Amino acid sequence: MNEHVLVEAMKKAAELDLPISLHEEDPEFIIRPGVNQGKVAEQLEYGGASATAEDVMVARDCILALHTGASVCIQHISSGNSSGKLFRNSPKKLGADVHAEATPHHFYSYRRCGT
């Protein structure tokens, strides 16, 4: 969560030509971890993690990757905003070395819960 630590780590990783993998969740936007916020979490009165929790971190870290030259892998991306609008359209077009991965259950939770 500490931007200064992350920037130093990204600079060092770029210097060593090593990638950095990031799990993108801002705890300030998570009521309860482990599931996405959405219809099912709402019905269960569980809370969950909002798409905002991922989106703000992906935005921040893609810009930091651009400025530091680090190669960054976003782990198990699940937000439609992060994967579509934000991730593909901005940082990569500007030249950031960023990529992401997702697992089948992340696709399922995105489609079913609407996050």
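**Entry 1: the sheet**

I began with the sheet: 3 strands form an open sheet in the order β1-β2-β3, with parallel pairing. Two strands count as paired if DSSP finds at least two bridges between them. Its edge strands are β1 and β3, each pairing on one side only. Direction ignored, neighbouring strands of this sheet are turned by 20 degrees against each other on average. Helix α1 packs on the sheet and touches β1 and β2, where contact means heavy atoms within 4.5 Å. The direction of α1 makes about 145 degrees with that of β1; axes are lines fitted to C-alpha atoms, for helices over the stretch in contact, and angles run from 0 to 180 degrees between N-to-C directions.

**Entry 2: source and conventions**

I noted that this is a predicted model, in which local features need pLDDT of at least 70 and side-chain atom pairs count only at pLDDT 80 or more, while totals for chains, interfaces and linings use all residues. Residues are numbered from 1 along each chain as its sequence is written, and side-chain values use heavy atoms, with hydrogens and water left out.

**Entry 3: the chain overall**

I found 6 helices and 3 strands in the chain. Helices (H or I, at least four residues) and strands (E, at least two) are DSSP runs, numbered from the N terminus. From the N terminus on, the order of elements is α-β-α-α-β-α-α-β-α. Of the 115 residues of the chain, 40% count as buried; buried means under 20% relative accessible area, exposed over 50%, and partly exposed in between, with a 1.4 Å probe and protein chains only. I also looked up contacts between residues at least 6 apart in sequence: 69% of them join residues at least 24 apart.

**Entry 4: strand β2**

I then checked both partners of β2 (residues 71-74). Strand β1 (residues 19-22) runs parallel to β2 and is joined to it by 4 bridges, with S21 opposite C73. On the β3 side (residues 97-100), 4 bridges again join a parallel pair, and S71 stands opposite D97. Which residues of β2 point the same way as S71? C73 does, whereas V72 and I74 point the other way, and all four are buried. In a regular strand the side chains alternate between the two faces of the sheet.

**Entry 5: helix α3**

I looked up α3 (residues 51-68): its 18 residues reach 26 Å from first C-alpha to last, close to the 26 Å expected at 1.5 Å a residue. The expected span is 1.5 Å times one less than the number of residues. Its buried residues include M57, V58, C62 and L64. A59 also lies in α3, but at 26% relative accessibility A59 counts as partly exposed. A59 and P91 are 32 residues apart in sequence and 8.4 Å apart in space, C-alpha to C-alpha. After α3 comes G69, whose phi is positive, near 80 degrees.

**Entry 6: α1 against α3**

How do α1 and α3 pack, and at what angle? Helix α1 (residues 3-16) packs with α3 at about 45 degrees, with the axes 10 Å apart. That angle makes α1 oblique to α3; under 35 degrees counts as roughly parallel, over 145 as roughly antiparallel, 65 to 115 as roughly perpendicular, and the rest as oblique. The contact is made by E3, L6, V7, M10, K11 and A14 of α1 and by R60, D61, L64, A65 and T68 of α3.
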